Amino acid sequence: MSSYSLLHRIDSPSDLRRLERGELPALAAELRAFLIESVSRTGGHLSSNLGTVELSIALHYIFDTPDDRIVWDVGHQTYGHKVLTGRREAMARLRQFGGISGFPRRCESIYDTFGTAHSSTSISAALGMAVAARDRGESRRAIAVIGDGAMSAGMAFEALNNAGDTRDINLLVILNDNEMSISPPVGALTRILARMMSGRTYNAARRAGEKVLGVAPPMLDFARKVEEHVKGLITPGTLFEEFGFHYYGPIDGHDLDALIPTLQNLRKLKGPQFLHVITRKGQGYKLAEADPILYHGVSKFDHRAGIDAGKAGGKLTYTQVFGDWLCDIARQDDKVVGITPAMREGSGMVRFAQEFPDRYHDVGIAEQHALTFAAGLACEGFKPVVAIYSTFLQRAYDQLIHDIALQNLPVMFALDRAGLVGADGATHHGAFDLSFLLCIPNLVVMTPADENECRQMLYTAYVHDGPALVRYPRGGGMQVSPQSTMTALPVGKGEIRRSGKGIALLAFGSLLPNALGAADQLDATVANMRYAKPLDRTLIAELAATHDLLVTLEENAIIGGAGSEVARVLEELPQRPRLLRLGLPDRFIDHGDQAQLLESIGLDAEGITAAIREAVAIRS
């Protein structure tokens, strides 16, 4: 990476602002090439970052960062921003244990003004910063960069509604729209319009007109309507104008000659401003342009040869088990419908979407809507299956309680990425779902320990007459081949996987292999609990009567998790052995390899063994 002559001169945005404007296209080319080479070595998000190269440069070139605040929605498009803000060399350890995050983090850099990774939060956060600046008498600006996908969420529109009615703020919302293609003629026209409409002449004329016509309110209202309808003919911004923003664009987000002067003009304006830019995922890397989904999140690969999409995927994953099961059950029952909040690929629903397009519903980044939509379907006799990540279910908690559980509706959940997910880190770890699920009445919560058990539990949830959830981790498990036949498991019943003496390990789901490894060293009993709710009280009572120490194991926050529920059961028993609860500690866990993270918090087989031996030694 020694050939990046311009990029190696940039250690902060102040260095960037010392460049001549004519040097910026060459810098963009270097930054794009650097990102392709760097991400191919570490893995990470590629397509989205290639699409924001010019925008990242233009923002830091025009605005006085970090005094001016930039909030990047989701944040999976901020690698260029990281490189330009002093983290170029740190990119070599991107998303690795002890390395920098793949998302903005306030503790990582003063240029990361707000931590993001879940979508649609940027406008709300930037509005808060803009109001704080106004109330302190500061002239700095707040800029929210939000994608068209994130704009589909209700929270984004809640923020627009609030912001458009908040006066005397310096807020710029940039819609990074990467779903539209833009031809040269259209691009040239919209560039001229954006520059004209963001310039002083247009806005001075608008203010003068308002002053003159203000003495005759009907005339002023008429003039505003005329302006609105004329702009509506040539721009798609009427909606945002109705929210109280001044809308500019759309402009080509890869054209620095459009971005730079437009941002220069917008920086001088007061009030809520809205800039619409058109970008392309994977821009400048033909392989990613051709297949931006394949290159969205990548593992290490040869960037010269590209990713072999037809290459075998390796070990069977829980996500694949779910995707296959969904197609199988849909063939048997035409009332089955699949729902995802914009996670078709991640949740394993690609084949279902292809084979059952009329029963596949991608509702966009709208988790709250996804659950209540499912509730409505369930009311009419359908069997909705909601495929959702653990970390995203957090966003629809009220709907889970109020719209589904309270009405005891037969909505089933395939809860993916439960536990530690790896390189995406704290924002994406499924660390809290057991803690917030187990207190909800009517809900059945299953924790499969292997791939076949996962398939059978999915079927169990399907036949259950009420809300049910199957919780499984990212990646694969014990590599137990799923049986083609589907059999419902007894609800609330666990099983003994290993018989031992003195110590009993009660494993909930993904930690069963580690429990078996520890039990071999300790000659302990291992119970595969299967259900976190309802618990197998009979099995717990039997283990309590025959063992001196019970150890609960869960890949969930130790506070309020399955171990806490086992403790409640033990309180009611006449024989109460000691209880050791092992799970995720009371802190946010950083990014890194999944196995490495489990080892770091003592949830690998060796760590579990050590914790138990320490507990036994303390007692003796």
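Helices here are DSSP runs of H or I with at least four residues, strands are DSSP runs of E with at least two, and both are numbered from the N terminus. Keep in mind that this is a predicted model, where local features need pLDDT of at least 70, side-chain atom pairs count only at pLDDT 80 or more, and totals for chains, interfaces and linings use all residues. Residues are numbered from 1 along each chain as its sequence is written, and side-chain values use heavy atoms, with hydrogens and water left out.

**Helix H6**

- H6 runs over residues 122–136, so to speak a 15-residue helix, and its first and last C-alpha are 21 Å apart.
- That is close to the 21 Å expected at 1.5 Å a residue, where the expected span is 1.5 Å times one less than the number of residues.
- Which residues of H6 are buried? They are Ser122, Ile123, Ala125, Ala126, Leu127, Met129, Ala130 and Ala133. Buried means under 20% relative accessible area, exposed means over 50%, and partly exposed is in between, using a 1.4 Å probe and protein chains only.
- Those buried residues pack against strand E2 (69–72), strand E3 (142–147), helix H7 (154–163) and strand E4 (170–177), with contact meaning heavy atoms within 4.5 Å.

**Aromatic rings**

- Rings of Phe, Tyr and Trp (its six-membered ring) pair if their centres lie within 6.5 Å; planes under 30 degrees apart are stacked, over 60 edge-to-face, and the rest tilted.
- By this rule there are 16 aromatic pairs.
- Take Phe245 and Phe274: their ring centres are 6.1 Å apart and their planes sit at 85 degrees, so this pair is edge-to-face.
- The two come from distant parts of the chain, 29 residues apart: Phe245 is in the loop between helix H11 (238–242) and strand E5 (246–252), while Phe274 is in strand E6 (residues 271–278).
- Both Phe245 and Phe274 are buried.
- Ring pairs also join Phe240, Phe245, Tyr247 and Phe274 into a cluster.

**Lysines over rings**

- A charge sits over a ring if NZ of Lys or CZ of Arg is within 6 Å of the ring centre and within 35 degrees of the ring normal.
- Lys335 lies over the face of Phe382, 4.8 Å from the ring centre.
- Lys383 does likewise with Tyr462, at 5.3 Å from the ring centre.

**Salt bridges**

- Side chains of opposite charge can pair when their charged atoms come close. The cut-off for a salt bridge is a side-chain nitrogen of Lys or Arg within 4 Å of a carboxyl oxygen of Asp or Glu.
- Searching the whole structure turns up 34 salt bridges.
- Arg87 and Glu108 meet in one, at 2.7 Å from N to O. Arg87 belongs to helix H5 (residues 79–87) and Glu108 to the loop between H5 and H6, 21 residues apart.
- Arg87 is buried at 6% relative accessible area, whereas Glu108 is partly exposed at 23%.
- Glu89 and Arg88 form another, at 3.0 Å from N to O. Here Glu89 is exposed at 56% and Arg88 is buried at 10%.
- Arg455 and Asp328 also meet in a salt bridge, at 3.0 Å from N to O. Arg455 lies in helix H20 (residues 451–463) and Asp328 in helix H14 (residues 318–332), so the pair ties together parts 127 residues apart in sequence.
- Salt bridges with shared partners join Asp324, Asp328, Arg331, Arg351, Glu355 and Arg455 into one network.
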